[in-house]
Structures are given as C-alpha cells and as structure tokens.
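I opened this model to look up a handful of local features. My notes follow in the order I took them.

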Amino acid sequence: MESVLRVGKKRYRVILNGIHFSWTELDKKNRDKKTVSVPVSELIGVEKGRVEILPQKKVEESEQHFTVFSVMRGSCRSSPSGLWSVGRTEFYCSSRDHRDHWVTQLKTALAAKSGMRPQRLLVFINPYGGKKKGVQIYRTLASPLLELAGISAHVVVTERANQARDHILKKELTGFDGVVCVGGDGMFSELLHGVIGRTQQEAGLSEHDPTVTLQPCNLHIGIIPAGSTDCVCFATVGVNDPVTSTLHIIIGDSQPLDVCSVHHQSTLVRYSVSLVGYGFYGDVLAESEKHRWMGPLRYDYSGCVTYLSNRSYSGTVQFLPADPQVSSPRDNTRCLSGCRVCSESTERLFPQSDASSHTSSYSPSQYSQDSSQSEGDWVSIEGRFKCVSLTCMSSSCPRSPLGLSPAAHLADGTGDLILVRETHALGFLKYLHRHTNTEDQFDLPFVEVHRVRAVKFSLPPGEEDSEDEEDEEKQIEGWESKTETDGSTHKSMSQQHLAEKRDERGMGDDKKKKKKSDFLCGLCCSRAPSVSVWNCDGEILPFTEILCRVHGQLVRLFARGIEDGAGSRNCRVGNRKCKGRCVLHT
Ligand SMILES: Nc1ncnc2c1ncn2[C@@H]1O[C@H](COP(=O)(O)OP(=O)(O)OP(=O)(O)O)[C@@H](O)[C@H]1O
Ligand SMILES: CCCCCCCCCCCCC/C=C/[C@@H](O)[C@H](CO)NC(C)=O
Ligand SMILES: [Ca+2]
C-alpha cells in the first residue's frame, strides 16, 4: 500500500509492504535523509486518532488521524544502543475512509506477525524486590504497552517467596505463551526453576540424576527488571530498562540460554545461569545477608569487608573441557545478538531439529538434544583459591559492563571456569578492578580461565561435606530456616528430596538438632573458616562439594542478546546529555 499522507505539516510518501513500513518526506533536497523505515516485526500497534500511551494514555479523537507505535532504538544520542523506547508517529489522511483503510492494512500486517509473538502471558510481580516499585513499574510502563500490542496478561502479585515457582510447577498453564517476572535475579530464578521443573515433570525426567539430558523448555521467560540485582536482564538485553524489556517481549524475541545444574551427590540443588562462585563471591553474599536492611548498598559494603578479610580456600576443582576448536574464553570475541558461535552451537546441540525453530523469533516448538557427545577426560586442579567461579554467560552488569568472562556465550552449551589462586591483597584488588574497565582480568599470573562443560568441586581430606545424618539435618535445616524467613512454607525440590531420604532413615522433623557450624559464619567468628560457601545466582548453597553441568540452550528468554554497542562504555559520564537513563548513570 502506498499513499501521500501528512506528518505534522509536511507531506510524506508512506509505503507498507510485507517487510517494512516507511515514510519519506516529499522534499527532494532532503529525500535521502528523511526516510524513516520500520520493520513490520518492530511495529507495536496502531490506533485511530491522535494517541499517546506513555507516560499516560491520552486519546484525541480525530477522523483523519491514525497513530503508529514502533520500537525506537536509544532515547538520546549517547544512550547505550541496547536501550529501546516507543516511537510514536501521527499520520493525517485525506479522508476518514482513507484513514480506516490504512489502519486496517497495518493491523493486518501486525496480525501476520501474531504467530511469532506471544498472545497470552502469565506475569509475576514481586512487590518487595529492589526499591519495591515492581507493581508501579508494571502498571505504568509495561501493562499499557502490552495492551496496545493486544497481548493479554494474567497478573499475580506474589505474597510469598517461591509462589511464582510453585505456580509454574503445579498450576494449569495451557494457553500461556510465556511467563514474565517483574523483579530481580531472585524472581527470575523462581521462573527458571518453575519452567525447567515443569518441563522435566511433563517429559518424565528426573532432575536429580546428573547424567540425564534435560528436555529444553518451550515456555519463554520474560524479565522486566525491578530488582536490586538484575544481572540476567543486563547480560541478555544490554540494559536494565523495563520499557526495553517489555518491547522485546511484545515483538517475540527469543534468546536461548545455557543453564548450569548444580548437584550434590544424587540431589539437584539448584540451577544457575549467571554465577556459581566459591570463595570471594560466596563470602560477599553470606556477609551481605546480614545487612539486608542496607538494600542494594549491602553488596558494596560486604564486598569491602570480604576483601579486607583476604581469605583463600583449599579445594580440588575438576572440569570437562569444551572443544577448544569452537571458541575460547580468551579469543577477545563478544557474544552479540545473532552470535555465530551460538547459532552454530544450536546445530551441534540439536542436530535432528529444524534449524528454523531456533531462529530469533518466538515460536513454540518441540526439539530434542543430541546426547551422543562422549564425556571426555576430566582435568584436575588442586590448590588454594581466592575464588572459583563458573559462569554460563558473560555475567555483565552495570558494575562490570563486560562481565566476569567477557568472551563467554549465552547459548553455546559451555561455561567459563575462572580460578583465582591465593595471592596478595593488592593482586586480588587488581583482578577485581579489571572487571570495571577494559583491561584483561585473565592476564594475571594467579588467574586461569577454562571453557568447560562440567565442573566438580571437592574439599581436602578431612574437610569433606559430612555425609552423616546429623550434618545432613543441619544443612536441610539451614535451608528451611532461610525459606521460612522469606515467608514461605514450601520446601524446595532438593529439600523435599533430602527430607525423603531422611524419612527413609526414620528421622522425623521433631528430631532436628540445632548445631552451630562454619556454614554461614561470615566474619562473626574470630577463627577464619577453612570452608567458604557457594553463591549460586545470588543464593547461598547448603553444600560445598558439588557437581555442575552446563545444559546448552535449556531455556529461552524474550530477548535477543546484546545489540552491537549496547552494554559497552559508550556514554562518558557527564559530557553528553543522556537524561540519566544510560546504564552508567543509574
Ligand atoms: N511476596 C514476596 N515476599 C517475600 N519474598 C518474595 C516475594 N516475592 C518474591 N520473593 C522473593 O524475593 C527474593 C528477591 O526478589 P527479587 O529478585 O525480585 O529482588 P531483589 O531486590 O533483586 O533481590 P535481592 O534483594 O535478593 O537482591 C526472590 O528470591 C523471591 O523468591
Ligand atoms: C576495586 C573495585 C572492585 C569492584 C569489583 C567489581 C566486581 C564485579 C563483578 C561482578 C560479578 C557479577 C556476578 C553476578 C552475580 C549474580 O549472579 C548474583 C545474582 O544477582 N549477584 C550477586 C550479588 O551475587
Ligand atoms: Ca555459555
């Protein structure tokens, strides 16, 4: 369809074809500069009249106007290119019939995309996450855009921790195309555990068997950031911005994500997508739990306290190396939107499936993973470590814009294992500081990094996780009391599994004994603990000896990875006007 329409006082040639909607000013001198072209896949909605959606819906009735809403990149010249906003253009037609014809054509073009976009979402809002603005963020920024796009949402404002996870595990989900959380990494983790658990239940697979090839999940996960730590959102979108994330959900972007399962003996402990970290990152988290009242600042405070304690821990790390021909953690690449390494991994991980079902748009599909790869040989490294970190993705965040492992990939079926050996305090500070700039944090004599498929960690003889009944009790108890603090009475899958094992031995709840341990001692004891704790995506694990396995592309997010330039340091603080929305200004 093609017509001459007015935008403001100027005349434009407006064209809609199957792929683009574009308008070019009818002023020959400037013609090259004045064409605006929006892919139909990035149109959000069309409304009759002169309509505004954000910051508030305003409708001015007009028989000859229609308003088109689309994805617009950036909100200012210096904003990170991952930041999206809502583009809005009012068109004026020669008659009401002409206007109606345009609206019908645009709606038809949008309807043709509906198979690629979610129609119905299940949204969980944590009213207490971050600055406690989850409900407000959803109502004022996300909901109006979903409505404009014709997406219906069933909203649950959570009343307790783990409610979202349990809902996904147990309730009817027919008709939903995706689940969305409004909150931080903790809320994302609830959705992750719900979606993976539900998929395995339906496939009849046991998550407790560490050798099982898990079934990839069809239900997409969306993250509208509203937490105090939103690392997963930042690392998969490039910015922490609720409007940007909502737009990725609306247009049905689809980003596969590697997930690491963490087992202790024959029990699934947790899943992680970001950090499984022992030593420094575990200690920071354990310390920060004591200062929750400080809000997000507790991580800075605890980081300083932990750094000053200058601890290191003994252990043996074993790992299964990934294929070094495919990629390396030191190859100076970045996993960006449309990443070649990740696309080729799709073919390697799912060789029998139709490649088109793994493209960048949402599309429900069934696929099965290749389990023919032989395990290979484990490599073993023993020593004293400041920290042992495993990350399935770069784990970039506003504080560390390139992340823990800048060349890690979101969906290549591998993780990066970073070993920081015992060193002097200044050396470790240098390592930490390099996370905040572009210097290579792996180019230090006490640091090594390996691209891996699995990792095992064990303590030195005499320090092992106790397998006696009383200690196992203690660990279950530790986890239960944490859950109770969160206001939940639900037992996690691994608590349940452990509790079943305990019941088999005839030990009831009434037999629990309180026992002090080093487990969460943090800095309260005068004697430095010889054992640290694991930080698993911001949660403390109740076990030290663990087996981690990377499951390639196990889940899918409504995201597309970082677009070129996003998440990099392209806004120099203070020298350009950026309305304070850039990541380095938040
Ligand atoms: N209604 C609720 N009451 C108490 N806890 C909740 C509720 N809803 C969710 N939670 C829990 O709150 C935890 C933190 O939530 P979220 O990740 O949204 O915010 P956050 O501020 O980034 O988290 P954190 O304070 O852990 O950094 C999650 O682990 C989640 O399980
Ligand atoms: C001298 C300057 C020191 C600055 C040190 C900066 C180090 C930043 C490293 C960032 C790592 C981010 C790892 C991600 C962790 C998340 O998975 C987790 C869950 O949200 N967050 C926390 C706090 O554990
Ligand atoms: Ca990966």
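Predicted model: local features only at pLDDT ≥ 70, side-chain atom pairs only at ≥ 80, totals over all residues.

**Entry: β13 and its partner**

I looked up V180 and asked which residue of β13 is its bridge partner. The partner of V180 in β13 is G222. The two strands, β12 (residues 178-183) and β13, run parallel and are joined by six bridges.

Next I checked burial along β13. Six of the six residues of this strand (residues 220-225) are buried, so the rest of the structure largely encloses β13.

**Entry: the whole chain**

I stepped back for totals. The protein chain has 12 helices and 23 strands. Of its 586 residues, 56% count as buried. Residues 24 or more positions apart account for 74% of them.

**Entry: helix α10**

I listed the buried residues of helix α10 (residues 425-433). They are G427, F428, Y431 and L432. Where do they sit around the helix? Seen down the axis of α10, the buried residues fall within an arc of 140°, so they line one face of the helix.

I then asked what the buried residues of α10 pack against. Two helices are among the partners, α7 (280-289) and α8 (298-309). The strands β18 (379-391), β19 (415-421) and β20 (447-458) are partners as well.

**Entry: the calcium ion**

I went to ligand 3, a calcium ion, and listed its protein donors. D258 and D412 each donate through OD, while C392, H409 and T414 each donate through O. The donors lie 2.3 to 2.5 Å from the ion. Along the chain their spacing reads D-x133-C-x16-H-x2-D-x1-T. D258 is in strand β14 (residues 255-264) and T414 is in the loop between β18 and β19, so I noted a link between distant parts of the chain, 156 residues apart.

**Entry: salt bridges**

I counted 26 salt bridges in the structure. Side chains of opposite charge can pair when their charged atoms come close. I followed up several cases.

The side chains of D100 and K48 meet in a salt bridge, 3.6 Å from N to O. D100 lies in helix α1 (residues 96-111) and K48 in strand β5 (residues 43-48), so the pair ties together parts that are 52 residues apart in sequence. K48 is partly exposed, with a relative accessible area of 43%.

R160 meets D166 in a salt bridge of 3.1 Å, N to O. R160 is partly exposed at 27% relative accessibility, whereas D166 is buried at 5%.

R292 forms a salt bridge with E289, and the closest N and O atoms are 3.1 Å apart. R292 is partly exposed at 48% relative accessible area. E289 is partly exposed at 27%.

I also found a network of salt bridges. It links E42, R73, D253, R560 and E563.

**Entry: S70**

I picked S70, which lies in strand β8 (residues 65-73). S70 is buried, with a relative accessible area of 8%. Leaving aside neighbours within four places in sequence, I listed the contacts of S70: V38, E42, L43, I44, S85, V86 and G87. E42 in that list is also a member of the salt-bridge network.

**Entry: L141**

My last stop was L141, in helix α2 (residues 134-148). L141 counts as partly exposed at 27% relative accessibility. Not counting residues up to four places away in sequence, L141 touches L54, Q136, P242 and V243. I also looked up a C-alpha separation. L141 and S95 are 46 residues apart along the chain, and their C-alpha atoms are separated by 33 Å.

How values were computed:
Residues numbered from 1 in each chain as written. Chains lettered and ligands numbered in written order. Heavy atoms only, no water. Buried < 20%, exposed > 50% of the residue type's maximum accessible area, 1.4 Å probe, protein only. Helix = DSSP H or I, 4+ residues; strand = E, 2+ residues; numbered from the N terminus. Arc of directions from axis to C-beta. Contact = heavy atoms within 4.5 Å. Donors = N, O, S within 2.8 Å, 3.2 Å for Na, K, Ca; no water. Salt bridge = Lys/Arg side-chain N within 4 Å of Asp/Glu carboxyl O. Pairing = 2+ DSSP bridges.
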